[in-house]
Amino acid sequence: MNVIPQVSVVRAGKTDVGSVLYHALTEGGGAPSASQSTAMKHLQSLRGEVFTLTSLPQTPRTLEAAALLARYLRLTRYISGRATSKVIASHAEFAPFSWIAPSSKSPNGEVDVLTVDIAVEQAALLFDAAMVLVAVAADGLITGKRSVESLRDAAKRLQLAAGALEFACKIASEEYLPESNIGLSGSNSSINAEVLANGCLGKESLLALQKLTLANAQSVFHELACSSALAGDSVARIAAGARELYASAAHSLLAVGAHDIGAAAEVLAALYDAEAESRMALHARANHDMENRLARLTNAMHIVYQARAKLVPALRSAKNRCESSGTRSPIPASLADKRALMDAVEKRLALMDAELRQRFAAAEEENQLLVCQPATGLKCVESRISVK
């Protein structure tokens, strides 16, 4: 089980990027090299294709769309490596880079971000490429037969998306020009600055989405592990890895105001925590370790109880609060089908609770002959992160 949200790309606005970067390269009277001239020929046409692609009503869901965004990104990185950001910014004042991004503070829910900073252009491209890859992975998990091959493909695409978001976060942290030099203009300049500081193109929001995407990839690896011949303790460690990643994602998502997705990630962190303890109990049973078996089952039952008593109601409350207040998240992502997720989570936890109680009762019955006491001082199941 995972929390793959419904996502939308940041739409590209119109801009004459070819002229801006040509003048930046030829500043001082120098002529561009042959390779630079070739790059410039493709740059504006690719920007036009990106504009068309991101203007579609729905998020593109093909690998070809992600490849197009990657090609344009490589060209902008090539050019910006040969002309400094400040030089590019000086030429972009009359033709700024334009991206239409969601904003919780704008009356119509979005704002045209105008900037002279090419780093913002590159972060937006990485964000969009990641969202396309997430959408492709989600389609594979929903519509596929969940074969080993389809699960591996989904995990690979989610990891690529997480890598794109990590790169975008690095750009936002290290390459954005200082706010005084970013070239924001117009009546929405304060909202634009908010988008780049705390919105979908800000480093904290990008980091939160990167963590969630990586956690989703780990959950797919856990599903693969469950159908493999891996030992029970190895599967438990992969589940513990999902627990850690979802817990970290939940913390970051709640911090940026994505309350419904953050609450869902909290529930899944608990679910995988219980799964890890349950798998370790099975491992203890296989090794005739009654003390650890009883202790792990007790831990798992307690985790499931806490999730059903506290975290699921918190998720339901966050969902209802977002729906009733119409509050917009600072990132263009939301739970695709809130009711379906709620039903799936509650059903999964109820089944786990019933199974764990049954297994605990069986263990206690066996223990009448052994008279073992549950182990004390157990450490949390060591995690194994299978994604990067």
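This is a predicted model: local features need pLDDT of at least 70, side-chain atom pairs count only at pLDDT 80 or more; totals for chains, interfaces and linings use all residues.
Two strands pair if DSSP finds at least two bridges between them.

Three strands form an open sheet, in the order β2-β3-β4, with antiparallel pairing. At its edges stand β2 (11–12) and β4, each with a single partner strand, so one side of each has no neighbour in the sheet. Strands of a sheet pair through backbone hydrogen bonds, either parallel or antiparallel.

Strand β3 (residues 97–102) is joined to β4 by six bridges, and the two run antiparallel. Two positions show how the residues line up. Ser 98 stands opposite Leu 114 in β4, and Trp 99 stands opposite Val 113 in β4.

Which residues of strand β4 (residues 110–115) point to the buried face? They are Val 111, Val 113 and Thr 115.

**The nonpolar core**

The largest nonpolar core has 124 residues. Among those with the most contacts inside it are Leu 21, Ile 88, Phe 127 and Tyr 246. Helix α5 (residues 118–143) gives the most to this core, with 18 residues.

**The aromatic pair**

How many aromatic pairs does the model contain? The count comes to one. The pair consists of Tyr 246 and Tyr 272, whose ring centres are 5.8 Å apart, with 10° between the planes. Planes under 30 degrees apart count as stacked, so this pair is stacked. Tyr 246 lies in helix α9 (residues 232–255) and Tyr 272 in helix α10 (residues 259–286), so the pair ties together parts that are 26 residues apart in sequence.

**Buried tyrosines and cysteines**

| Residue | Relative accessible area | State |
|---|---|---|
| Tyr 246 | 0% | buried |
| Tyr 272 | 1% | buried |
| Cys 169 | 12% | buried |
| Cys 200 | 0% | buried |

Buried means under 20% relative accessible area, so Cys 169 at 12% still counts as buried.

A disulfide is a covalent bond between the sulfur atoms of two cysteines. The count of disulfides in this model is zero. For a pair to be counted, the sulfur atoms must lie within 2.5 Å.

Technical notes:
Residues are numbered from 1 along each chain as its sequence is written. Side-chain values use heavy atoms; hydrogens and water are left out. Rings of Phe, Tyr and Trp (its six-membered ring) pair if their centres lie within 6.5 Å; planes under 30 degrees apart count as stacked, over 60 as edge-to-face and the rest as tilted. Helices (H or I, at least four residues) and strands (E, at least two) are DSSP runs, numbered from the N terminus. Buried means under 20% relative accessible area, exposed over 50%, partly exposed in between (1.4 Å probe, protein chains only). A nonpolar core is a set of buried Ala, Val, Leu, Ile, Met, Phe, Trp, Tyr and Cys residues joined through side-chain atoms within 4.5 Å.
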